[in-house]
Amino acid sequence: MKASEQSETTDTSADNDIEGKGVKVRAHVFIEGKVQGVFFRSETKRRADSLDLKGWVRNLPDNKVEAVFEGRCELVDPMIEFCRIGPTDARVTNFTLFWESFVGEFRDFEILY
């Protein structure tokens with residue numbers, strides 16, 4: 001499947017006004033395709049840090065990348081858009097997004113191993 005043919009699943013059951021500026025949100029994403037060995041995690045961390053987002057990113061045994069982002073909606077949105085495409089050598093074939101209730105449990109953004 002080409003990147004332009006990506007599918008997406010979205011759960012909007014969380015009680016977040018995801019359109020509101022300044023509203024704190026939590027996004028949980030799963031990214032499939034050629035997403036490991038292409039600096040996906042390190043670029044995700046760099047961008048999340050620059051946006052002052054909290055959470056984590058990790059590789060999964062099934063060759064997916066999983067990430068959780070918490071922060072202001074207008075800052076989480078560009079991070080989600082990056083994850084739909086990934087870094088230069090990545091080829092995202094499927095992207096799944098779940099909106100969850102903001103928890104505020106993270107102090108920073110980290111790569112989990």
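Among contacts (heavy atoms within 4.5 Å) in the protein chain with a separation of 6 or more, 79% join residues 24 or more positions apart. The model is predicted, so local features need pLDDT of at least 70 and side-chain atom pairs count only at pLDDT 80 or more, while totals for chains, interfaces and linings use all residues. Residues are numbered from 1 along each chain as its sequence is written, and side-chain values use heavy atoms, with hydrogens and water left out.

**Overall architecture**

- The protein chain holds two helices and six strands, where helices (H or I, at least four residues) and strands (E, at least two) are DSSP runs numbered from the N terminus.
- Read from the N terminus, the order of the elements is β-β-α-β-β-α-β-β.
- Of the 113 residues in the protein chain, 41% are buried, a term that denotes under 20% relative accessible area, against over 50% for exposed and values in between for partly exposed (1.4 Å probe, protein chains only).
- The protein chain has an accessible surface of about 6400 Å², and carbon and sulfur atoms supply 47% of this area; the areas come from the Shrake-Rupley method with a 1.4 Å probe, and for residues only the protein chains shown count as cover.

**Nonpolar core**

- The largest nonpolar core has 26 residues, and the members that touch the most others are I31, F40, F69, V76, C83 and F95; such a core is a set of buried Ala, Val, Leu, Ile, Met, Phe, Trp, Tyr and Cys residues joined through side-chain atoms within 4.5 Å.
- Two or more residues of this core come from each of β2 (24-34), α1 (40-50), β4 (65-72), α2 (73-85), β5 (91-100) and β6 (109-111).
- The largest share, six residues, is contributed by α2.

**Helix α1**

- The buried residues F40, E43, T44 and A48 belong to α1.
- These residues lie on the same side of α1 because they cover an arc of only 135 degrees around the axis, the arc being that of the directions from the helix axis to the C-beta atoms.
- An α-helix has 3.6 residues a turn, so residues three or four places apart point the same way.
- Packing partners of the buried residues of α1 are β2, β3 (54-59), β4, α2, β5 and β6.
- D52, which follows α1, has a positive phi, near 60 degrees.

- F69 is a residue of strand β4, and F69 is buried with a relative accessible area of 0%.
- Beyond its neighbours within four places in sequence, F69 contacts several residues, including V25, V29, T44, L53, M79 and F109.
- Although F69 and H28 are 41 residues apart along the chain, 6.5 Å separates their C-alpha atoms.
- E70 also lies in strand β4 and counts as buried at 2% relative accessibility.
- A polar atom of the E70 side chain lies 2.9 Å from the backbone nitrogen of V103.
- Not counting residues up to four places away in sequence, E70 touches residues that include R26, K54, V76, F102, V103 and G104.

**Cysteines**

- The whole structure contains zero disulfides, a disulfide being a pair of cysteine sulfur atoms within 2.5 Å.
- C73 is buried at 2% relative accessibility, and C83 is buried at 1%.
- With residues up to four places away in sequence left out, C83 touches I31, F40, F69, V92 and F95.

Terms used. A polar contact is a pair of N or O atoms within 3.5 Å; within protein, one must be able to donate a hydrogen and the other to accept it, and residues adjacent in sequence count only if both atoms are side-chain atoms.
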